[in-house]
Amino acid sequence: MALHLSWVFVFGILGNAVSFMVSLAPLPTFYQIYKKKTSEGFQSIPYVVSLFSAMLWIYYALLKKDAIFLITINTFCVFIQTFYIVTYFYYGPKKEKIVTVKLMLLFNVFGFGVIFLATYFLKNPSLRLLILGYICMAFALAVFVAPLAIVRKVIKTKSVEYMPFTLSVFLTLGAVMWFFYGLCLKDMNVAVPNILGFIFGVLQMILYAVYKNHPKKTVEESDPKLQLSDHPVVVVDVAKLGSDVNAVIPNSTKSNNGGRTEGNAFNKV
């Protein structure tokens, strides 16, 4: 029993440490926003969803009562994601502010409110914890599937500039730590989603190894429509063409207005 608790403690501490570093990963992005005084070009939805996820896991851990490490890291996530959202909102254009407010109302107010009301007043505590655990697990699985868009982009462009290697490593390490933490607690709601997180993390690192030295596509290679045609280029001498037109138009076409000809008018056009 003591050994079991010690492993829970070890993996809980390691999971908190790795997830702490992952939570700080967006700081360079927000430093750019601060320097440019605008959040245009960035999206707020990752931070809104991360805040929603942290709120769910805190609620779950409070009901479970023996998952203190879930509470510590997700409490930190609530604060740091709130900071990101407030900064984004402060520097965001009006349109993006409206979108952010709508997302907050959808996920963090309406979504969390519905889940809380639907589970908290259940008379059976075990059933309440079971339902909430399934909700947390389903949402965590959906979050881990999100990197598939980045994986597709890397394969399509053969470039890893959109997939930082360090972040992939930390996400994979985090998945390993939280898997063993859930396994030691015998909590499959924590362990199962991190299996998928580990698989996608390894996949990202493999793609990085494959494409890290791959030459980037040029504009012509990426879009054949932009390639130069092999047909000969016809060059028109506009000045010579204008003089030839004047020579062809007879003097009888001159108007009485200052001696200017219709030919000259045509030439100007």
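I began with the cysteines. Cys184 is buried, with a relative accessible area of 15%; I take buried as under 20% relative accessible area, exposed as over 50% and partly exposed as in between, using a 1.4 Å probe and protein chains only. Cys136 also counts as buried, at 1% relative accessibility. I then looked for disulfides, meaning a pair of cysteine sulfur atoms within 2.5 Å, and the structure holds 0.

A reminder to myself: this is a predicted model, where local features need pLDDT of at least 70 and side-chain atom pairs count only at pLDDT 80 or more, while totals for chains, interfaces and linings use all residues. Residues are numbered from 1 along each chain as its sequence is written, and side-chain values use heavy atoms, with hydrogens and water left out.

Next, the fold. I find 12 helices and 0 strands in the chain, where helices (H or I, at least four residues) and strands (E, at least two) are DSSP runs numbered from the N terminus. Of the 269 residues, 32% count as buried. I also checked contacts, meaning heavy atoms within 4.5 Å: among those between residues at least 6 apart in sequence, 72% join residues at least 24 apart.

Then I turned to the cores; a nonpolar core is a set of buried Ala, Val, Leu, Ile, Met, Phe, Trp, Tyr and Cys residues joined through side-chain atoms within 4.5 Å. The largest has 39 residues, and Phe52, Leu56, Trp57, Leu70 and Tyr181 have the most contacts inside it. α3 gives the largest share of this core, 11 residues.

Which residues does Trp57 contact, leaving aside its neighbours within four places in sequence? I noted Leu70, Asn74, Cys136, Ala140, Asn189 and Val190. Another core, of 6 residues, lies apart from the largest one and includes Val151, Met163, Leu207 and Tyr211.

Last, the pocket. I use the word for an open set of points on a 1 Å grid over the protein atoms alone, where a 1.4 Å probe fits, with protein on both sides within 12 Å along at least five of seven lines; lining residues have an atom within 4 Å of a point. The largest pocket is lined by 47 residues, and Val22, Ser50, Val143, Leu167 and Leu171 lie nearest its centre. Helices that each supply at least two lining residues include α1 (2–23), α3 (45–64) and α8 (165–185).
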